[in-house]
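Here is a short tour of some backbone details worth a look. Please have the structure open as you read.

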Amino acid sequence: MRQALRLAKKGWGMTSPNPLVGAVLVRDGACVGEGYHQRAGTPHAEVHALAAAGEAAKGATLYVTLEPCCTQGRTPPCTDAILRSGVARVVVGCVDPNPQHAGRGIERLKAAGVTVDAGIEQPACEALNEAFFCWVTQHRPFVLLKMAMTLDGRIATAAGESRWISGPQARARVQRLRRWADAILVGGETVRRDDPDLTVRTPKNWWRQPGKFVWSRKGQGELSRELRIFADSANQPQFIRPQSVADWQAFLTGLGRREITALLVEGGGELAAACLRAGIVDKIEFFVAPKILGGRGSRPVVGGPDPAALSAALELRDVTVRRVGADLLVSGYVKNRDNQR
């Protein structure tokens with residue numbers, strides 16, 4: 001199953017709105033076939049693994065990170081291919097939460113006499129597709145808030161200078177997040193001060209650029225057309241300004257209808273505060289640089305109104321901390337009314 005997980009990650013940024021899936025076929029203790037889902041609309045991981053195994057699939061055990069589909073979509077049901085192959089046993093990482101599947105694929109295989117075991121490496125398999133799971137169950141994208149800050153919680157000087165707080169390895173991680181995201185949301189002040197292009201630059205000529213959204217009170221008119229965010233005529237930014245919780249929920253629901261499964265919020269501090277206050281953030285990734293900026297006017301990583309009490313602080317759970325070059329990456333899930341993990 002761990003090998004299947006490694007294979008699934010080869011499809012990172014390629015499969016949306018489909019999940020990442022890896023599959024390995026084992027017979028007599030040896031791998032006889034493997035595969036992963038490479039792009040939406042193309043064969044699923046199980047089909048690639050079965051094709052690689054050929055006749056050796058008969059009597060083998062199939063390890064797959066996600067429950068095989070049992071309905072006709074853009075491709076035929078994987079359960080049909082598994083049954084035709086003669087696979088004797090299927091080991092499933094996690095059940096597909098899609099209501100069209102949700103255990104039905106497992107039951108179909110069992111009914112046909114195939115031995116099925118589920119829940120192997122389940123936490124890792126679920127984490128792999130947390131954006132897809134959110135989209136199919138809540139009909140909105142998974143929202144990840146990414147920020148880079150100094151040790152004292154600053155993202156820029158009082159004048160707005162912010163390049164670069166984090167190091168090159170952290171910025172490489174951001175490129176990976178942009179490949180994962182279907183859309184990026186950034187504040188108008190960040191666009192004006194930092195002039196980001198909000199594109200995937202690594203690897204070069206990436207085939208699928210994320211959509212661009214700018215949270216701005218004044219709209220497009222406040223920004224120079226010379227800014228890099230306007231450079232791609234085929235992927236122009238859209239300007240939004242949701243304020244209330246209902247506004248934000250409507251925005252996310254609209255994105256979900258457009259098959260946007262993952263939204264990356266890249267700041268600045270006022271936008272971060274607005275998203276957290278509205279309760280739409282599922283997960284945070286804060287890069288903490290070993291620098292102390294100081295200054296009362298330096299800009300905080302999260303702005304917004306001053307809280308009246310410490311009890312207003314948002315809590316995180318499942319927090320991890322790891323080194324990314326010289327920086328620390330703090331990740332965790334936000335406890336809010338929509339996401340009580």
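## Helix α9

Let's begin with the buried side of α9: Trp248, Phe251, Leu252, Gly254, Leu255 and Gly256 are its buried residues. An α-helix makes a turn every 3.6 residues, so positions three or four apart point the same way.

This is a predicted model. In it, α9 covers residues 245-257, 13 residues in total. From first C-alpha to last, the helix reaches 18 Å, close to the 18 Å expected at 1.5 Å a residue.

## Positive phi at two glutamates

After α9 comes Glu259, with a positive phi near 65°. Glu259 is not a glycine, and its place is in the loop between α9 and β11 (262-265). Is Glu259 buried or partly exposed? With a relative accessible area of 40%, Glu259 is partly exposed, because that value falls between the 20% and 50% cut-offs.

Glu121 also has a positive phi, near 55°, and is likewise a residue other than glycine. You will find Glu121 in the loop between β5 (115-118) and α5 (122-128). Its relative accessibility is 29%, so Glu121 counts as partly exposed.

Pro203 sits in the loop between α8 (188-194) and β9 (211-215).

Another cis peptide bond runs from Arg163 to Trp164, and here omega is near -10°. Trp164 belongs to the loop between β7 (154-156) and α7 (168-180).

Notes:
Residues are numbered from 1 along each chain as its sequence is written. This is a predicted model: local features need pLDDT of at least 70, side-chain atom pairs count only at pLDDT 80 or more; totals for chains, interfaces and linings use all residues. Side-chain values use heavy atoms; hydrogens and water are left out. Helices (H or I, at least four residues) and strands (E, at least two) are DSSP runs, numbered from the N terminus. The expected span of a helix is 1.5 Å times one less than its number of residues. Buried means under 20% relative accessible area, exposed over 50%, partly exposed in between (1.4 Å probe, protein chains only).
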